[in-house]
Amino acid sequence: MKTLAIDIESYSDCDLAKCGVYRYSEDPSFEILLFGYSVDDGPVQVVDMAQGEVVPDEVREALTDPSVIKTAWNASFERTCLARWLGRDLDHPLDPRQWRDSMIMAAYMSLPLSLKSCGAVLKLEEQKMKEGTSLLNYFCKPSKPTKANNFGNRNLPEHAPDKWQTFKEYNRRDVEVETTIRHRLERLPVPD
């Protein structure tokens, strides 16, 4: 394994926009729901962690293997959340030198900083799914108690199985779009 492209979907009671990624991932409610990945640009796999699926050992080990380059859009989010998931504290983060951030590559080329907008500007054949925002709001943030979610404070996969399947496809597509953008931009590397 030489590269590992990653996109995660997660839940926390904390509002990411208001508290930042460290507080978000340190909250006791934090959990990774979906772990989408591609090994060496192969087919994207989605691990449904919310429903008990487990990240394969070789992928888990690759997260700390210095010989494997990890890639993501806004990699600091994945890197911070995955460090927390691996049980690391702020003094033992995942090494940023092992990561490549395709959002930074896009910024260096004066492209938009959102995956959706960057894909649109580059006229990618496969675009980020439009349902994304509503799915993120539904599964990744606290919700009002309703009959559909058994009057709980969040929506779970069993509360909307069809939406959950679409959410998994959304996660898969994000890895594909990020990978395509990275390939388009890597011939013009960001300086050290």
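Predicted model: local features only at pLDDT ≥ 70, side-chain atom pairs only at ≥ 80, totals over all residues.

Entry 1: I started with the strands. There are 5 of them in an open sheet, ordered S3-S2-S1-S4-S5, with mixed pairing. I checked the edges next: strand S3 (45-48) and strand S5 (99-101) each pair on one side only. On average, neighbouring strands here are turned by 25° against each other, ignoring direction. A reminder to myself: strands in a sheet pair through backbone hydrogen bonds, parallel or antiparallel.

I then zoomed in on one pair. Strand S4 (residues 69-72) and S5 run parallel and are joined by 3 bridges. Across that pair, Lys 70 stands opposite Trp 99 in S5.

Entry 2: In soluble globular proteins, nonpolar side chains tend to be buried together. The largest core here has 24 residues, and the members touching the most others are Leu 4, Ile 6, Ile 8, Phe 35, Cys 81, Leu 82 and Trp 99. At least two residues each come from S1, helix H1 (16-26), S2, helix H2 (57-62) and helix H3 (75-85). H3 gives the largest share, 5 residues. I also found a second, separate core of 13 residues, with Tyr 11, Leu 135, Phe 139 and Trp 164 among them.

Beyond its sequence neighbours within four places, Ile 8 is in contact with Ile 32, Leu 34, Phe 35, Phe 77, Glu 78, Cys 81, Leu 82 and Asn 171. That last name sent me to the next entry.

**Entry 3: Asn 171.** I found Asn 171 in helix H7 (residues 161-185). H7 lies across strand S1 (3-11), strand S2 (31-39), S3 and S4, and runs at about 145° to S1. Is Asn 171 buried or exposed? Asn 171 counts as buried because its relative accessibility is 0%, and the cut-off for buried is under 20%.

Who does Asn 171 touch, leaving out residues up to four places away in sequence? I listed Asp 7, Ile 8, Glu 9, Leu 34, Phe 35, Gly 36 and Val 46. With Gly 36 there is a polar detail: a polar atom of the Asn 171 side chain sits 3.1 Å from the backbone nitrogen of Gly 36. I also checked Lys 2, which is 169 residues from Asn 171 in sequence and 22 Å away in space, C-alpha to C-alpha.

**Entry 4: positive phi.** Most residues other than glycine have a negative phi, so I noted the exceptions I came across. Asp 40 has a phi near 50°. I placed Asp 40 in the loop between S2 and S3, and its relative accessible area of 37% makes it partly exposed. Lys 123 has a phi near 55°. Lys 123 is in the loop between helix H5 (115-121) and helix H6 (132-139), and counts as exposed at 69% relative accessibility.

**Entry 5: cysteines.** I searched the whole structure for disulfides and got 0. For Cys 19, the nearest cysteine sulfur belongs to Cys 14 and is 4.4 Å away. Cys 19 is partly exposed, at 27% relative accessibility. Cys 118, by contrast, is buried, with a relative accessible area of 0%.

Terms used
Residues numbered from 1 in each chain as written. Heavy atoms only, no water. Helix = DSSP H or I, 4+ residues; strand = E, 2+ residues; numbered from the N terminus. Buried < 20%, exposed > 50% of the residue type's maximum accessible area, 1.4 Å probe, protein only. Contact = heavy atoms within 4.5 Å. Polar contact = N/O pair within 3.5 Å; in protein donor to acceptor, adjacent residues only side chain to side chain. Pairing = 2+ DSSP bridges. Axes fitted to C-alpha atoms, helices over the stretch in contact; angles between N-to-C directions. Core = buried A, V, L, I, M, F, W, Y, C linked by side-chain atoms within 4.5 Å. Disulfide = S-S within 2.5 Å.
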